[in-house]
Amino acid sequence: MFDSLSERLTQTLKGLTGKARLTEENISAAMRDVRRALLEADVALPVVKEFTDKVRSRALGQVVNAALNPGEQFVKIVHDELVHVMGDANDALNLQTTPPAIVLMAGLQGAGKTTTVAKLALLLKSREKKKVAVVSADVYRPAAIKQLETLAGEAGAHFIPSSADEKPSAIAERAVGEAKRAFADVLIVDTAGRLAVDEDMMAEIRALQAQLKPIETLFVVDAMTGQDAANTARAFNDVLDLTGVVLAKADGDARGGAALSVRSITGKPIKFIGVGEKIDGLEPFYPDRLASRILGMGDLMSLIEEAQRKVDKKKAEKLARKLEKGRKFDLEDFREQLNQMASMGGITSMMDKVPGMSQLPKNVQEQVNDDQFLRMGVIIDSMTPHERRFPDVITGSRKQRIARGSGTSVPDINRLLKQHKQMQKMMKKFSKKGGMQKMMRGLSAMQGAAAGGRPPARRR
Amino acid sequence: MSEGEVKNEGGFWKRLRSGLSKTRDALGTGVGNLLLGEKEIDEEVLEDLETALLLTDVGVEATTDIMDDLAARVQRRELNNTRALHGALGRLLTQRLQAHVKPFQVDRQAKPFVIFFVGVNGVGKTTTIGKLAKRLQGEGLSVMLAAGDTFRAAAVEQLQAWGERNGVPVIAQSQGSDSASVVYDAVQAAAARGADVLLADTAGRLQAKTNLMEELRKISRVVSRFDESAPHEVLLVLDAGVGQNALSQVKEFDAAVPLTGLVVTKLDGTAKAGVLFAVAQQTDLPIYFIGVGEGVEDLRPFEAEPFVEALLAQATEENG
């Protein structure tokens, strides 16, 4: 993984604390770091240049804050500027027109237009209580119309049929009529993916726009796009009157520099980001979160999101209620937590996403592996339900039985019980008021415990 | 190579060239003007060259590497004008890809020779399968398809529509069924009918999704139960427009189902192929095919020299 920009800048600007102001000379190395970070995040080069100029002029003359280290201070400048460039607030969809409000989709092949149509239809229907009709003018890709039909069914949108032997303009004309007759509030028109260099196809979508006069024309761009995002966005923006951008497939591990490129080049706001394969995965765009991601400042947000998606809410609530009632966090609950951790790809994949983790000494990193957690699960599985609920009953002979049953040894059982005790203590603090801070402290102790059964301090 | 292919050759390279024209624009403005005149090499020339490479998604690391190499030669006075620098760049780029050129071969003994297509969403897996199926048929092989993308709406229909049009049997179940079971069925069916090759589609998935990558592992596991050596090829399909995320795609997919090769699609757009240099630096995987258009004949075996040549050609054409 890339070092985070923050860490790199801290190195670069190490000698700066004594100096009073940021100057052209003392930030030139830092500017190179910023440039590199943006390029690694796939921000288009012309945009990088423009952006770094802005950052430079903003940074110059600033007094080095005694409290912050200059690296952090610099990252903050970059981050704030990124947020500013990407649009400080979220822009909503404009549907203020005589119904049906027409939304036209445009983009390259495979960008995610059809999926976005369905996601948008569902969003408008469920959140804004709109009646949404959808139609496909993609007469080229096999089964594209069928794909929209299926998705429209899932989204509960009114699907207007079309066929591959119709002309897109004819489909559009018919669709508007039908949307009116059906009293739809919104009509979303899907189009075929096209290359910006394909003049015939670009003329076709231009004609479609002229004919439909959509109130919104959304450009869908794949979050994993590289430098080409700039070319494509410029070409589409030249031909079409774009009103906004949708960043699709933003739930992967791409840094999403394409968003900055497209925003800078078209000047059009990013209105939504597409996350996940399911049709409920369309979210408003938050510039600050994407800014952190472009800068590689850990992927904590997506870790939290993944946790929210994967963690079984009912079970979590049940545990919370149980703890509230003053009951103890038992081994059954511990087992459940291990299961949930496994469903998120295990501890190693989670650690990857936490900023700074890659900076830990190698030996500490190696101590944390999924095998331990797997073994812990097996040990708990080898206990009787009674033992899991009342771990205190586990004494010598029971330990031996559990060790045999799980293929481990008595010291392993002891370590697990000790770790459980620590967690129990933590949970107790957590359930009390204001226990959060204490818990965080407890958490670091627990991490050490999980790593080797002893706090890391003693190990080093 | 068949006669038909020879006839298409001129048209194909022309198309690749026009497809790559934007890449050449980038390299052209940076490189062409500066490299083609017999000019002294100075800092500015090298910097423009670096810019041109970055603009084609070569990536910071690979670009730095290439530039260091070139700069060192300039230092040693091996390259003393921009024309020599141009030649050296072409050779360097070709050399970097040369090790990744390998003809795609089907083992006719396998019956069926199972090929998986994997990749993120929207890269063109299904379309590539269609084109490759046609190509293999042309080589006299009997081909079957497995509609393993049971997730995306109408993905099964897309493959079936293609199969019907071209007379290729498609083994499918309904949308939402278990992908591994579809592919397993298809392998059995292909074996029963004595098919030479089975091309298995899979749903697009982002490599960061642990559970989906696990599903891919399962498909592979299930198929290897039928034939230990299967899948014989696992091809990762990359969109030419992809940026540095391609590196993560190669790494993560390879960790889930060991990859055997790459296919790069959509090279006929403004998208740049530069990412291949970054990928080539990271892996030994062969680049089997590139896609440069909608037609069946537009899926072509990858060749390093003409590819780099086409990339740099416009500079010569425009300035020569």
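Author: In this predicted model, a residue counts as buried if its relative accessible area is under 20%, as exposed if that area is over 50%, and as partly exposed in between. By this rule both B:F104 and B:F289 are buried.

Reader: How do you know that B:F104 is buried?

Author: The relative accessible area of B:F104 is 15%, and the cut-off for buried is under 20%, so B:F104 belongs to the buried class.

Reader: Why is the pair of B:F104 and B:Y288 called edge-to-face?

Author: Two values have to be set against the rule, which asks for ring centres within 6.5 Å and, for the name edge-to-face, for planes over 60 degrees apart. The centres of B:F104 and B:Y288 are 4.9 Å apart and the angle between their planes is 80°, so the rings count as a pair and the pair as edge-to-face. This pair links distant parts of the chain, with B:F104 in the loop between α5 and β1 of chain B and B:Y288 in strand β7 of chain B, 184 residues apart.

Reader: What makes the pair of B:F104 and B:F289 tilted?

Author: The ring centres of B:F104 and B:F289 lie 5.4 Å apart, with their planes at 55°. Planes under 30 degrees apart would be stacked and planes over 60 degrees apart edge-to-face, so an angle of 55° leaves the name tilted. Because B:F104 lies in the loop between α5 and β1 of chain B and B:F289 in strand β7 of chain B, the pair ties together parts that are 185 residues apart in sequence. B:F104, B:Y288 and B:F289 form one aromatic cluster.

Reader: Now to chain A: how do you know that A:K54 and A:E50 form a salt bridge?

Author: The closest N and O atoms of A:K54 and A:E50 are 3.9 Å apart, and the rule asks for a side-chain nitrogen of Lys or Arg within 4 Å of a carboxyl oxygen of Asp or Glu, so the pair meets it. Both residues lie in helix α3 of chain A, four residues apart, about one turn of the helix. A:K54 has a relative accessible area of 33% and A:E50 one of 45%, so both count as partly exposed.

Reader: Which parts of the chain does the salt bridge between A:R58 and A:E81 tie together?

Author: The closest N and O atoms of A:R58 and A:E81 are 2.5 Å apart. A:R58 lies in helix α3 and A:E81 in helix α4 of chain A, so the pair ties together parts that are 23 residues apart in sequence. With a relative accessible area of 6%, A:E81 is buried, whereas A:R58, at 35%, counts as partly exposed.

Reader: What makes β3 and β8 of chain A edge strands?

Author: In the open sheet of eight strands the order is β3-β2-β4-β1-β5-β6-β7-β8 of chain A, with mixed pairing. β3 and β8 each pair on one side only, and they are the edge strands. Inside this order, four bridges join strand β1 to strand β4 of chain A, which run parallel. For two strands to pair, at least two bridges are needed, so β1 and β4 of chain A count as paired.

Conventions
Residues numbered from 1 in each chain as written. Chains lettered and ligands numbered in written order. Predicted model: local features only at pLDDT ≥ 70, side-chain atom pairs only at ≥ 80, totals over all residues. Heavy atoms only, no water. Phe/Tyr/Trp six-rings, centres within 6.5 Å; stacked < 30°, edge-to-face > 60°. Buried < 20%, exposed > 50% of the residue type's maximum accessible area, 1.4 Å probe, protein only.
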